[in-house]
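Colleague: Hi, I'm new to this one. Could you walk me through a few details?
Modeller: Happy to, let's bring it up.

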Amino acid sequence: MVSNLHLDDPPYKYQDDVCTRFLDGQNLIIQAPTGAGKTRAALEPNIIGFQREPLTAYPQRIIYNVPMRVLARGFYEEYDSRARLKAWKPEWQPTIQTGETPDDSLFEGRVIFCTVDQMLASFLNIPYSLPKRLDNINAGAMIGSAFIFDEFHLYPQREMMLTVLAMLRMLQGLSRFILMSATFSPVFLKEIGRALGAEVIADPAGTPLAQGHFSDITALTTRQRTFYAEDGPLTAEAVLARMGGAERVLCVCNTVDRAQQLFLDLRRELDGDGECRLLHSRFYRDDRRATENFAIQQFKEKPGQRVVLVATQVVEVGLDISSEALFTECAPAASIIQRAGRCARREGETGRVHVFQPYDDEGNLNYAPYKDEGQEAICHKTWDALNLDEFRGKVIGFPEEQQLVKLAHEEADQAFIDGLDARIDARIGEITDCMLKRDAGYADSLIRQRDTNAAQLFIHDKPNQDDRLTEKPWRREALSISKGRLARAFEQMPAAGEIDAEFLLCVENAREIDEYTTEYAWEPVREKSEIFANWRFVAHPHAVTYTPELGLILQPGNVPATPSPDAPEKPWDQPVYEAERFYEHINGLQLAYTSQRTISKRVSNGQFAKHTLSPLCAEVDYPLRRLCARLGRDVEQAERLLRLTLALHDVGKLNTPWQAWARAWQRLRQENGYPPGVIPLDDDAPLAHTDYDSDNEAERALQKQLNRRMKRGPHAGESAQACLPIVWEATGGDPFWMAVVVGAIMRHHTPDVDNAGPFRLSPGSGPALTHALSLFEFEQEAARWAGSVTAGFERGSGALRNAVEGITPSYSSYDAALMYFVFVRALRLADQRSGGYWKDYRHTNLVAGEEKRGD
């Protein structure tokens with residue numbers, strides 16, 4: 001059963017088995033060796049699902065989750081190339097979402113390669129790559145998607161792994177999934193399969209390759225890796241003494257600090273006899289990519305000179321490189337096997353794997369970062385197993401790898417799965433708490449521990465004078481670093497007076513001015529605890545070191561560190577608005593809901609790429625159907641109420657003060673020399689947007705001047721309150737649907753809204769409302785409903801509070817919240833896309849009109 005996913009080779013027999021079972025409706029857990037083509041096995045049935053009719057019968061989004069961003073990037077680049085060569089449909093072109101490459105921060109793609117951290121943070125309503133006002137936009141993308149979880153064994157068990165299992169239980173019957181790894185222990189495979197109701201595809205422990213699922217994969221039966229457990233630390237001298245004639249050499253350290261030191265030592269000792277490069281997570285994007293590309297090119301085949309790559313765990317997965325000799329510090333067996341997958345990777349190759357014990361600067365055995373969740377004990381068991389006669393100096397194939405994992409991991413895995421059902425249920429309660437409170441601190445227990453949880457670090461000497469850092473910090477590239485490592489570095493930093501710096505480390509202080517504007521100030525860090533409570537920081541260039549060869553070093557250097565460069569544009573960061581009449585804005589939403597559109601979008605490499613947006617009605621159809629099937633509700637009513645939500649969401653802008661402010665702003669712009677917009681000043685139709693360029697400093701100052709004289713006020717809560725009579729009639733007063741529709745309208749600008757302020761319906765609003773409702777196929781009710789809008793009130797009613805309570809998730813009740821997430825996502829995406837759709841529509845009609853006049 002082959003799709004057009006790959007260019008040539010037919011699938012292996014286990015890949016065909018995966019395809020058949022998954023398309024038959026089974027969720028799967030796969031254990032397959034490194035290099036066996038797990039990625040293809042998981043992607044192919046999902047791509048076939050895109051082509052099946054009817055489209056409503058299969059998920060229309062694939063989210064491919066990996067634990068490391070380098071892996072996401074590798075898969076993205078491979079399948080982006082294949083998609084172009086195989087002429088996939090434009091909307092199937094892959095996208096990528098990682099902290100380093102946040103090209104799809106709204107999860108709009110149909111095939112998304114992302115880190116698990118990014119996906120989980122979005123589901124939890126604490127998305128890492130978005131401002132807080134957009135906290136509720138991404139959770140709906142996870143409902144009704146097809147998930148692939150690769151390298152599952154690398155997920156922190158107590159945090160990330162348990163949260164993934166709980167999420168899948170919450171989405172049971174709504175979303176599909178495949179879990180994959182080369183290194184599951186037998187007890188783990190069996191219990192996870194039971195807990196999730198998934199089928200397991202794996203060879204029983206000890207099964208010879210020739211008799212198992214993977215017997216037809218020639219590369220697995222012809223490659224050879226010999227393992228050696230070495231006494232002493234991993235040093236330049238140890239590497240040089242064992243390197244022999246190997247030209248492609250890979251060294252892997254457990255920490256960035258040791259990798260940097262080993263790189264410096266090896267480069268000095270090699271003294272020009274070959275090329276030595278360093279790769280870890282603390283590089284700016286372009287510098288890291290240059291090294292990755294160099295490694296991929298040089299490690300494809302014998303390079304004709306010695307090439308040594310010193311790296312950290314970033315090479316465990318993702319980089320398609322094959323070394324002849326691997327030198328690594330001891331780590332959990334699963335990680336050792338992954339690292340070994342970068343040695344003698346291809347058919348017919350032979351290689352050596354040398355494993356050393358990790359020692360710190362004081363000469364103490366130190367397994368950091370493998371300290372928690374019994375990881376240190378697993379490292380000790382791994383070292384003990386590698387010194388057994390059955391492994392030391394022996395060729396290790398897939399059956400032997402399984403045995404190594406069993407010896408090192410089974411005890412810890414057994415502890416994890418004991419009482420698993422109860423722990424999953426408890427985790428669901430924690431997830432719903434996080435969804436409700438939207439507190440980023442939950443990431444420490446639900447995604448990664450706070451020591452390993454990533455912070456963003458900018459480098460700048462005057463952050464409070466930089467327009468990007470004070471208004472849109474995401475427009476500068478940040479370095480990713482664990483909070484624990486940053487906290488330790490802060491304690492060791494010199495006093496500010498000892499170096500030429502006004503500060504050493506600053507922390508972000510974000511302040512919401514109104515529902516449209518957030519200002520960012522940067523204040524000196526005074527206590528270590530501030531680092532664990534926040535996630536964005538600025539280091540002074542004199543307090544740290546950065547070079548393209550070494551990356552970030554958390555101590556002063558001989559020259560100032562390279563400041564943070566500009567970052568690529570974000571799709572949700574819309575700096576320029578054009579004025580739109582109310583009905584024009586709603587028409588834009590209607591087009592976004594029903595039409596496909598291809599846009600040119602700047603991505604992280606600075607280039608522009610074509611990106612096709614599917615109609616939102618196609619995105620929401622499958623999740624709506626699955627949710628309604630689970631809840632026993634009518635899907636046609638659900639879709640009708642979603643259209644009503646889109647039509648009514650901005651009624652609060654028909655408030656008399658809002659319209660007065662919009663008119664005053666349009667006049668003030670023209671009085672100050674800005675060109676007139678497309679809407680004349682004497683046009684009295686209600687407005688939904690005004691002309692504004694938030695990147696123009698003078699225009700920002702001018703708007704602040706107007707805001708001191710008059711306020712437009714918020715509009716989202718006011719929209720919900722004003723439209724209550726319409727929503728009541730359309731839902732028949734059903735509390736479930738009232739909560740979903742009112743909640744989505746009320747929280748389409750920010751998830752915090754729970755009330756409404758004063759409202760006076762602007763004169764002349766009736767025709768605009770009638771037009772808006774008619775655009776979404778409510779022609780019969782449009783005039784009557786437009787007349788039933790509440791014309792005036794001073795504050796919100798109890799119905800808004802009831803809606804908030806109705807969509808509040810809890811352990812025992814979260815179905816209304818899931819439906820709300822689908823509604824509010826569709827609304828917020830349509831709202832964001834509407835301007836582009838309307839501009840295209842207006843341009844097309846203008847051209848058509850000119851052509852008609854020409855005839």
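**Rings, charges and a helix**

Modeller: Let's start with R597: its charged end sits over the ring of Y837, 5.6 Å from the ring's centre. Keep in mind that this is a predicted model.

Colleague: And what sits over the ring of F50?
Modeller: That's the charged end of R110, 4.5 Å from the centre of the F50 ring.

Colleague: How many aromatic pairs does the count come to?
Modeller: The count comes to 26 aromatic pairs. Take W737 and F823: their ring centres are 6.0 Å apart and their planes are at 40°, so this pair is tilted. The pair links distant parts of the chain, with W737 in helix α27 (residues 735-746) and F823 in helix α31 (residues 815-854), 86 residues apart.

Colleague: Are W737 and F823 buried or exposed?
Modeller: Both W737 and F823 are buried.

Colleague: Which residues form an aromatic cluster?
Modeller: F152, Y155, F184, F188 and F416 form one.

Colleague: Switching topic: what should helix α3 span?
Modeller: Helix α3 (residues 69-85) has 17 residues, so at 1.5 Å a residue it should span 24 Å. Its end C-alpha atoms are 24 Å apart, which agrees.

Colleague: What comes just after α3?
Modeller: A87, which takes a positive phi of about 55°.

Methods:
Residues numbered from 1 in each chain as written. Predicted model: local features only at pLDDT ≥ 70, side-chain atom pairs only at ≥ 80, totals over all residues. Heavy atoms only, no water. Helix = DSSP H or I, 4+ residues; strand = E, 2+ residues; numbered from the N terminus. Expected span 1.5 Å × (residues − 1). Phe/Tyr/Trp six-rings, centres within 6.5 Å; stacked < 30°, edge-to-face > 60°. Buried < 20%, exposed > 50% of the residue type's maximum accessible area, 1.4 Å probe, protein only. Lys NZ or Arg CZ within 6 Å of the ring centre and 35° of its normal.
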